[in-house]
Amino acid sequence: MNFAHCRLRQQGSVRVPETGLRRADRGRAWRARGLPRSEMVGRKRRGEGRVGLPLPGVKAPRKTLREPAAFADETSCQCRAPHERLTVAQAHLGTPVDRPVRVYADGIFDLFHSGHARALMQAKNLFPNGYLIVGVCSDELTHKYKGFTVMTEEERYEALRHCRYVDEVIRDAPWTLTPEFLEQHKIDFVAHDDIPYSSAGSEDVYKHIKEAGMFVPTQRTEGISTSDIITRIVRDYDVYARRNLQRGYTAKELNVSFINEKKYRLQNQVDRMKEKVKNVEEKSKHFVNKVEEKSHDLIQKWEEKSREFIGSFLELFGPDGAWKQMFQERSGRMLQALSPRQSPTGSPTRERSPSPTSRWAFKTSPPASPHGASASVSSMSEGDEDEK
């Protein structure tokens, strides 16, 4: 096989050979995908794998959503091939690009919420090549068979147009589907939850669709519905009335009496005062927490400084402190300076002269006898000579 002359085109994530290839080359390309011969023959008869047609199990690249879905009366069905009813098995196997599986889902879609979106997501992804058509009933039919709506029909139409899973919107959809309606819009399957929907004098408005094999069930999302949302609003009516009065709506617009208006406004003032008190309490708590943190930091710093001061004080004035050693050194120097120095052992010693008191003592004491007086005079004279 000469692949140099094969022109390949990117289709999704698989490269598909274009027309102009020899039959052998096309067979090799199919076998390269790991498909058995019987499967190749069946898909070849259905026209799969040709130019512009998706391969089985390969989704075509999704276009960027830049515009809302179109209305059915503003466009026409773009199926160029004759419309032949498909079975569920055929739809699951996949269809050519120009023959999508047209799935229809209808409803009121009042207060469009996530439960609606999830149901439409399931309907869109039922088949590989699905085209989702959504029918929205008008206000007249809805008020007649179900009750009043919060949103008008135009608002509900626009809500559906801007859902990412919707390809086409049918305005003023019928309450009960007729064969003429299904044929007009070339609908292959109808998607809805499997719970019997009793209305318009019928136990299940989808009974004939189920019998024809055109019904495909989807799952409801628990915990969310239009009725639940309306119940919440009715239950908390006073809260929402006060909320809208505070935002500038008049009592007439809210259908509120004069007395209730004054009561709601007084309650709003009380709530504002409570909110102010709450804010003050929170600020005071925040301030107290800050003061506590700062006081804790100050106490820690004071403890650290006090430990440092006590340690330095003990280093100076403790039992083994530097101040004691310095005091002992200075006191030793002072004692050494005050005490006289000892004379050398070999130096001659001088006799000390008697003190004047001793002299006076000798002078004042009367002699006992003339012989004693002469002896004392002689001794005094000797002492004077020694001093000289």
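**Labels and their cut-offs**

Modeller: The protein has 14 helices and eight strands. Those are DSSP runs numbered from the N terminus: helices are H or I with at least four residues, strands are E with at least two. This is a predicted model, in which local features need pLDDT of at least 70 and side-chain atom pairs count only at pLDDT 80 or more, while totals for chains, interfaces and linings use all residues. Residues are numbered from 1 along each chain as its sequence is written, and side-chain values use heavy atoms, with hydrogens and water left out.

Biologist: Which strands form the open sheet, and in what order?

Modeller: Six strands, in the order E3-E6-E5-E4-E7-E8, with parallel pairing. Two strands pair if DSSP finds at least two bridges between them. E3 and strand E8 (215-218) are the edges: each has a single partner strand, so one side of each lacks a neighbour in the sheet.

Biologist: How do you know that E3 and E6 pair?

Modeller: Two bridges join these parallel strands. The rule asks for at least two, so E3 and E6 qualify.

Biologist: How many bridges join E5 and E6?

Modeller: Four, again in the parallel sense. Gly135 has Ile170 of E6 as its bridge partner.

Biologist: Where does Ser138 sit, and why is it called buried?

Modeller: Ser138 is in the loop between strand E5 (130-136) and helix H5 (139-145). Buried means under 20% relative accessible area, exposed over 50%, partly exposed in between (1.4 Å probe, protein chains only). Ser138 has 7% relative accessibility, so it counts as buried.

Biologist: What makes the Ser138 and Asp172 side chains a polar contact?

Modeller: Their distance is 3.2 Å. A polar contact is a pair of N or O atoms within 3.5 Å; within protein, one must be able to donate a hydrogen and the other to accept it, and residues adjacent in sequence count only if both atoms are side-chain atoms. A polar atom of the Ser138 side chain also lies 3.5 Å from the backbone nitrogen of Leu141.

Biologist: Which residues does Ser138 touch, beyond those up to four places away in sequence?

Modeller: Glu153, Arg156, Tyr157 and Asp172. Contact means heavy atoms within 4.5 Å.

Biologist: Which residues of helix H6 are buried, and why are they placed on the same side?

Modeller: In H6 (residues 153-161), the buried ones are Arg156, Tyr157, Leu160 and Arg161. They cover an arc of only 140° around the axis, which puts them on the same side of H6. The arc is that of the directions from the helix axis to the C-beta atoms. Their cover includes strand E3 (70-71), helix H4 (114-124), E5, H5 and strand E6 (168-171).

Biologist: Why does Thr149 count as buried?

Modeller: Thr149 has 19% relative accessibility, so the label holds. Thr149 lies in the loop between H5 and H6. Its side chain reaches the backbone oxygen of Met151 at 2.8 Å. Leaving aside neighbours within four places in sequence, its contacts are Ile108, Asp110, Asp139, Thr142, His143 and Arg156.

Biologist: What does UniProt annotate at residues 256-290?

Modeller: The unreviewed entry gives "coiled-coil region" there. UniProt positions follow the numbering used here, feature names are shortened, and annotations may be inferred rather than shown by experiment. In the model, residues 256-290 are 94% helix and 0% strand, and the end C-alpha atoms are 47 Å apart.

Biologist: What share of the 388 residues is buried?

Modeller: Buried residues make up 28%. Of the contacts with a separation of 6 or more, 65% join residues 24 or more positions apart.
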